[in-house]
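The structure comes below, and my entries follow it.

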Amino acid sequence: MNSFEGYVGIQIWDGQLVNDVVFSLLFALLTLFALVYHSNYRLFSKMIRDVFYIKERLSLFETVGGNEFVFRSFMIFQSLFLSTLAIFVVGHIYQLFDFSDIRSNLLLIGVIFLCVVLYYYFRQFFYALIGFVFTDPAKSKFWKANYCAITSFWGLLLYIPVFWLVFIGKYIGIPLVLFAVLYLLYRFWLIYKSIRIFHIRNMGYIYIFLYLCGQEILPILFIYKGMVYLYNVIEKSAIWH
């Protein structure tokens, strides 16, 4: 006797789990951003102006209220996390990462985020080292504040390609090109601001030369090697299988 199985529902397509995970993380990130913005909206407005502000002053976020440490830390975290989600979604679209359970996907996102954070602080270490050797503390502090503002603003713009990848899912070349263009503009604007800050002293030209070699070329080679190593580990490891 054949038993009646009832309505079995609609089969979930392959990318549904990934979309659900990324959507949940994006929703949580946007919620945190709304809370941070609500408490520090004057710092946010100041940050936007300081992205394009050239004249040197003592502090990037001076006398505007709010929790400066929380605001700046979250904005940097937002930039790095959105970069992580973009890498994860692109890897899934091109079937570099194809896992069928939430644990494996969250673990992979965590590993990618760790790599991005290490890359970021690797650059920060060289910034601090070069700034300590070739600049005075006040000049280095002012440059670092500009770097934070530009990186935070770049992170806001990353919502555009990430939203495209998650919610549209078509014409993948467009968000990829947009992501690359935004990154190039971000790096060129940092170079421009660095030149404007350090061009007065002759030693500043040495700083710019070291910046271009040590910060724009060498780290890209390291992150490329790191991503290749990560891919090989994922392919061979039993953790994701």
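Entry 1, a first crossing. I looked up how α3 passes α6 and found a left-handed crossing. I noted the convention: left-handed means that the near helix is turned anticlockwise from the far one by less than a right angle, and right-handed means clockwise. Helix α3 covers residues 68-93 and helix α6 covers residues 159-168. I work with a predicted model, in which local features need pLDDT of at least 70 and side-chain atom pairs count only at pLDDT 80 or more, while totals for chains, interfaces and linings use all residues. Residues are numbered from 1 along each chain as its sequence is written, and side-chain values use heavy atoms, with hydrogens and water left out.

Entry 2, the α3 and α6 pair. Two packed helices are described by the angle between their axes and the distance between the axes. For α3 and α6, the axes come within 10 Å and cross at roughly 30 degrees. Axes here are lines fitted to C-alpha atoms, for helices over the stretch in contact, and angles run from 0 to 180 degrees between N-to-C directions. The two helices α3 and α6 are therefore roughly parallel to each other. The cut-offs are under 35 degrees for roughly parallel, over 145 for roughly antiparallel, 65 to 115 for roughly perpendicular, and oblique for the rest.

I then listed who meets whom. From α3 I have Gln 78, Leu 82, Ala 86, Val 89, Val 90 and Ile 93, and from α6 I have Tyr 159, Val 162, Leu 165 and Val 166. Contact means heavy atoms within 4.5 Å. By class, this contact of α3 with α6 has nine nonpolar, one polar and no charged residues. Ala, Val, Leu, Ile, Met, Phe, Trp, Tyr, Cys and Pro count as nonpolar, Asp, Glu, Lys and Arg as charged, and the others, Gly among them, as polar.

Which residues of α6 are buried? I found Tyr 159, Pro 161, Val 162, Leu 165 and Val 166. Buried means under 20% relative accessible area, exposed means over 50%, and partly exposed lies in between (1.4 Å probe, protein chains only). After α6 comes Gly 169, with a positive phi near 70 degrees.

Helix α5 covers residues 137-157, and its axis lies 8 Å from that of α3, at an angle of about 45 degrees. The pair α3 and α5 is therefore oblique. The crossing of α3 and α5 is left-handed. On the α3 side, the contact uses Arg 72, Met 75, Ile 76, Gln 78, Ser 79, Leu 82 and Ser 83. On the α5 side are Lys 144, Ala 145, Cys 148, Thr 151, Ser 152, Trp 154, Gly 155 and Leu 156. I sorted the α3 and α5 contact into seven nonpolar, six polar and two charged residues.

Is Trp 154 buried or exposed? Trp 154 has 8% relative accessibility, so it counts as buried. Leaving out residues up to four places away in sequence, Trp 154 touches Ser 79, Ser 83, Leu 182, Tyr 183 and Tyr 186. Trp 154 and Arg 187 are 33 residues apart along the chain, with their C-alpha atoms separated by 9.8 Å.

I found Phe 179 in helix α7, residues 173-198. Its relative accessible area is 24%, so Phe 179 is partly exposed. With residues up to four places away not counted, Phe 179 touches Ser 83, Ala 86, Leu 158 and Pro 161.

Helix α2 covers residues 41-51 and packs on α3 at about 55 degrees, with the axes 10 Å apart. α2 and α3 are therefore oblique to each other, and their crossing is right-handed. Leu 43, Phe 44 and Met 47 of α2 meet Glu 68, Phe 71 and Met 75 of α3.

I counted nine helices and zero strands. Helices (H or I, at least four residues) and strands (E, at least two) are DSSP runs, numbered from the N terminus. Of the 241 residues in the protein chain, 41% are buried.
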